[in-house]
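Hi there,

Here is the structure I promised to pass on.

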Amino acid sequence: MKGCARFHLALAAWLVCGVPAWSQQPSQPISSDSGRALFLGHTTDEPPAPLAVLRGSGSGLSVPAERFACANCHGRDGHGDAEGTVRAPSVRWQDLTRASTLRLAYDADGLRRAILEGIDPSGRTLDRLMPGYALTEPQMQSLIAYLGGIDEEQRIGVEPAAIRLGILAQSASDNFPDAMTEALRHTAPALIFGRRIELVPLDGRVDASTRDRLRNARIVATLALPHSSQELWPELARLGIPNLFPRTLLRGDEPKADTIGLLATLDEIGRASLDRAAACANGPLTIIVSDRDQPSQRLAAAARSRAATRPELPPPVMQSISSATRNPTPSTRAGPCALVFADPQEILALTSISPPRRYVGLIDQFALAQQKAVAARHELTLADPRSIQGRDVDTAGFAELVAQSIVRALQSSGRLVTRSSFMAALRRNVPSPNQPTVAWRS
């Protein structure tokens, strides 16, 4: 949801998401996983998921509470956030336990009355758009424990002399960590507000000890995780650790609070590929898509969506790789171009039986040997998602762009940097890929 509509729906969470169930702060305000999950909307960690009851709907409509995550309006740091002409209030512990000009301080009884009756501690009726939440008492205590420690969590990895960022090598031969170290060395030769940027090696295994290892790493965020680390990403999200500039294509719909990328997304490339292939099509464009590769299926869905916005084009003919290779029909051969989204082996199987034609695909999906094999009979047009602002980006170039973005963000965040302020600064300073098209190679 965007704009004021999103605000009014998500703002409804502020009473339930932020009110303490006891009047004194816990002696050890450690952020619990379940409390964080509730705050961020990752309620799958604690079944059954609570429900939000929309009192203003007129029918008491119940919806999953994760659709109204506290962080949507109040920010990852709980300080509150502006949305349109209204500002969502702070839900930090010290603010909620303090009376304001609009309300008395909340205690456990005030919280329960607000949830059950829609009445605040001053006796005023809450806004009709503010829902109640079906939180159990353990869930409420977990959430409050998280809010009691949210400031502490925001400073994890921010040390007096260092900013700690996690990095992971894809294999023993992966030289990206060295390239990143070198890029930071010459991009930030001096300290930033008295701090150096420290790269912390991460263990990419996903097992029962993964969360503990990530906690113990005490990092602000991760940098440039490789494609092979994608099983690790949900664990990062559950711990509230941002995933910055992964060295793989994002879908395009990742929460901006969790992930920032440098490369064109699958959605962007799918749309651009459709435009490119449509330019050489003679009649309906055939889109051939993998039966098994999920990124390829995402690309095809984006291409098909783009085709629906171009009424001058005939509807594309959708076909799976398996169908195209088993039974090449006349429609498969229609037109000089085909838009193919598949893994390299599937593409080889297709081109071995298909008549010579032009194919449009991603450069990452055509390894060099396969390019040569296909090019013997077919002309290739390849989209390269690694071109940023018209610049071809190799390993060293990617590391340099990451380093520049990190340094600019830290410089603009100031001495009192937190995870949230760092992410906000990054969004202001990160270069964008070519949009809405990508760089093309013939």
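Two strands count as paired if DSSP finds at least two bridges between them. Helices (H or I, at least four residues) and strands (E, at least two) are DSSP runs, numbered from the N terminus. Please keep in mind that this is a predicted model, where local features need pLDDT of at least 70 and side-chain atom pairs count only at pLDDT 80 or more, while totals for chains, interfaces and linings use all residues. Residues are numbered from 1 along each chain as its sequence is written, and side-chain values use heavy atoms, with hydrogens and water left out.

Strands first. Strand β12 (residues 286–289) and strand β13 (residues 317–320) run parallel and are joined by four bridges. To get from β12 to β13, the chain goes through helix α12 (residues 294–308), a β-α-β crossover that is right-handed (with the strands pointing away from the viewer, the path from the first strand over the helix to the second runs clockwise).

There is also an open sheet of three strands, in the order β2-β1-β5, and its pairing is antiparallel. β2 (61–64) and β5 (132–133) are at the edges with a single partner strand each, so one side of each has no neighbour in the sheet. Strand β1 (residues 51–54) is joined to β5 by two bridges, and V53 stands opposite G132 there.

Now the helices. Axes are lines fitted to C-alpha atoms, for helices over the stretch in contact, and angles run from 0 to 180 degrees between N-to-C directions. Angles under 35 degrees count as roughly parallel, over 145 as roughly antiparallel, 65 to 115 as roughly perpendicular and the rest as oblique.

Helix α3 (residues 33–40) packs on helix α7 (residues 137–154) at about 85 degrees, with the axes 7 Å apart, so the two are roughly perpendicular.

With helix α18 (residues 419–429), the angle is about 125 degrees and the axes are 8 Å apart, so α17 and α18 are oblique to each other. Their contact includes I406 and L410 in α17 and F422 and L426 in α18. It is made up of six nonpolar, five polar and two charged residues.

With helix α8 (residues 176–187), α17 packs at about 45 degrees, again with axes 8 Å apart, which makes α8 oblique to α17. F176 and M180 in α8 are among the residues that meet α17, whose side includes F398 and V402. Here the contact has 10 nonpolar, three polar and one charged residue.

Best wishes

Key
Contact = heavy atoms within 4.5 Å. Nonpolar A, V, L, I, M, F, W, Y, C, P; charged D, E, K, R; others polar.
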